[in-house]
Amino acid sequence: MPVKENNEVFISESIDRLLINFRLGLDFMFRFFGEFSFSNLIWSEFFNQCYQIGLKSLPLISLTGFVTGMVFTQQSRPSLQEFGATSWLPSLVAIAIVRALATLVTAIIAAGKVGSNIGAELGSMKVTEQIEAMEVSAVNPFNYLVITRVLASTISIPILSFYTAFVALSGSFINVYFNEETNLRAYLFAAFENINFLDMGSALIKAILFGFTIGMVGCYSGYNAEKGTLGVGKAANKSVVKSIFIIFLIEIFVVQVTNSFR
Amino acid sequence: MKNNVIEVKDLYKSFGSLDVLKGVSLNLEKSENLVVLGKSGSGKSVLIKILSGLIKADSGKVRVLGYDLNNINRIEMQVLRQRIGFCFQSSALYDGMTIAENIAFPLKYAVKGMSDKEIMTKTHEMLEAVGLENKKNQMPAELSGGQKKRIGIARTLVTNPEIILYDEPTAGLDPITCVEINELISEVQDRFKTSAIIITHDLTCAKETGDRIAVLLNGVFKQTGSFDEIFNSNPSGEIKMFRDYNFIEKTQIAPKIELQNF
Ligand SMILES: Nc1ncnc2c1ncn2[C@@H]1O[C@H](COP(=O)(O)OP(=O)(O)OP(=O)(O)O)[C@@H](O)[C@H]1O
Ligand SMILES: [Mg+2]
């Protein structure tokens with residue numbers, strides 16, 4: 001549904017399109033807040049989506065988180081060794097993981113896996129008239145498809161991020177354990193010494209925003225897929241690219257705000 | 001006049017510079033089957049999508065079951081849609097659900113207050129009516145085109161709609177299934193006193209199911225009347241071509257019409 005029907009160009013064709021898309025995306029988001037209500041929520045589909053989005057991403061997230069923690073520890077060691085400060089390793093790694101890596105890694109993996117999935121699924125439903133079929137059978141497709149997915153992703157991504165942090169710290173601990181022979185107690189103590197409430201809070205807020213973004217952008221791309229099978233691929237692709245872009249913007253913004261509180 | 005379930009007057013619809021409907025007027029009486037004939041791309045699908053509120057008309061009066069579609073709120077639309085059945089040209093089955101779930105979907109999420117057991121019974125009844133009860137646990141992708149079509153019809157009929165809009169119910173089906181579908185359509189009309197608009201290219205289907213035929217040509221209804229009035233009284237132009245290419249006597253030799261439909 002184009003905002004303007006005539007072919008008048010305001011700034012340049014591509015900038016116009018960008019602005020129109022931005023506006024339509026915002027409308028879509030406002031529609032979510034307008035139509036969301038717990039009494040109309042289709043719980044069965046919501047739980048199904050939590051399963052699809054959350055549980056099914058676990059293997060990939062586990063692997064990535066573990067490797068990230070381990071490799072990050074390994075690669076940070078030489079620099080600290082120069083100053084004879086390897087005892088700072090747990091603290092350094094934990095700060096990096098909690099403040100940035102866990103949520104960012106989770107979000108980017110989820111944007112690739114979950115976002116493209118939602119985009120392709122809703123995109124194919126759109127181009128094969130399944131969304132219209134829902135509409136004519138008096139089921140609100142926005143409620144059934146979009147609200148459940150956005151909500152599931154908003155809730156699942158923070159939980160996944162928390163889990164990623166845990167797995168990454170485990171990877172890091174194993175590396176430290178075999179190199180510095182630090183025991184778990186000492187490791188944990190050193191790791192969490194410099195982590196405060198602000199770090200945890202801002203990580204949580206980021207994760208919620210990332211989850212919301214991935215669900216929203218995936219649904220928006222799928223819901224507005226162009227006709228034809230080509231549209232499905234494009235929708236999947238768009239949802240990944242756009243959500244990663246927005247995730248970085250949110251990251252930058254939240255870091256600035258958090259640092260102003262430090 | 002009082003008994004019209006659908007009243008359309010001077011309906012216009014264009015997409016960009018493409019004028020599709022240019023002043024369509026039509027009435028559908030209670031328990032009448034109206035067949036709409038017309039060339040591919042003449043706007044038949046667009047017309048019934050307007051009638052079910054999927055597409056908004058540019059101008060013109062559209063009344064369905066007493067509701068004015070130009071002035072209808074969301075709740076009224078929801079109520080109205082429960083009383084209309086829409087059978088998609090592409091079947092539009094939900095490919096993430098099994099056949100049984102597809103048929104149960106409108107009962108589960110649109111019709112309020114049906115128990116799981118009632119839904120199951122009703123679903124089973126519908127599957128039997130279209131002769132596919134052995135497929136109930138399969139996914140739509142595992143069915144042939146004709147089987148999908150029958151499931152699409154079953155899903156449309158499961159809510160006992162008062163008006164049914166069939167978009168090419170027999171297109172792409174073998175002649176025997178065509179006859180079965182035609183009989184099903186007529187039977188539904190007889191048993192439940194439903195009204196229907198049937199879009200088709202297939203003159204056998206038109207003859208068997210239609211009480212009245214309307215021919216959509218260049219965006220308007222060129223001619224309406226009984227089958228004999230239109231096709232046996234010296235037709236000219238495109239109507240004659242329609243008849244000659246679909247020649248009714250030949251339909252006895254079943255495979256022929258199949259070939260000619262493509
Ligand atoms: N959403 C849309 N956007 C732009 N153009 C459209 C849209 N829907 C339909 N059209 C155009 O309207 C015209 C009529 O389409 P419609 O699908 O109603 O044809 P039809 O009579 O159903 O044909 P067929 O018998 O092949 O199904 C076509 O030229 C089509 O390109
Ligand atoms: Mg059509």
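This is a predicted model: local features need pLDDT of at least 70, side-chain atom pairs count only at pLDDT 80 or more; totals for chains, interfaces and linings use all residues.
In strand β8 of chain B, the side chains of B:Ser195, B:Ile197 and B:Ile199 point one way, while B:Ala196 and B:Ile198 point the other way, and all of them are buried, where buried means under 20% relative accessible area, exposed means over 50%, and partly exposed lies in between, with a 1.4 Å probe and protein chains only. Residues are numbered from 1 along each chain as its sequence is written, chains are lettered from A and ligands numbered from 1 in the order in which they are written, and side-chain values use heavy atoms, with hydrogens and water left out.

Staying with β8(B), which spans residues 195-199, five of its five residues are buried; strands here are DSSP runs of E with at least two residues, helices are runs of H or I with at least four, and both are numbered from the N terminus. Which strands does β8(B) pair with? Strand β3, residues 33-38 of chain B, runs parallel to β8(B) and is joined to it by four bridges, and strand β7, residues 163-167, is likewise parallel to β8(B), with five bridges; two strands count as paired if DSSP finds at least two bridges between them.

Let me turn to another sheet, an open one of four strands in chain B, with the order β2-β1-β4-β5 and antiparallel pairing. Its edges are β2 (18-29) and β5 (67-68), each with a single partner strand, so one side of each has no neighbour in the sheet. Strand β4, residues 59-64, is joined to β5(B) by two bridges, and B:Arg63 has B:Asp68 as its bridge partner there.

Finally, the chain as a whole: chain B has 10 helices and 10 strands. Its radius of gyration is 18 Å, close to the 18 Å that the globule rule gives for 262 residues, so chain B is as compact as a globular protein of that length; the radius is taken over C-alpha atoms, and the rule is 2.2 Å times the number of residues to the power 0.38. Buried residues make up 52% of the 262.
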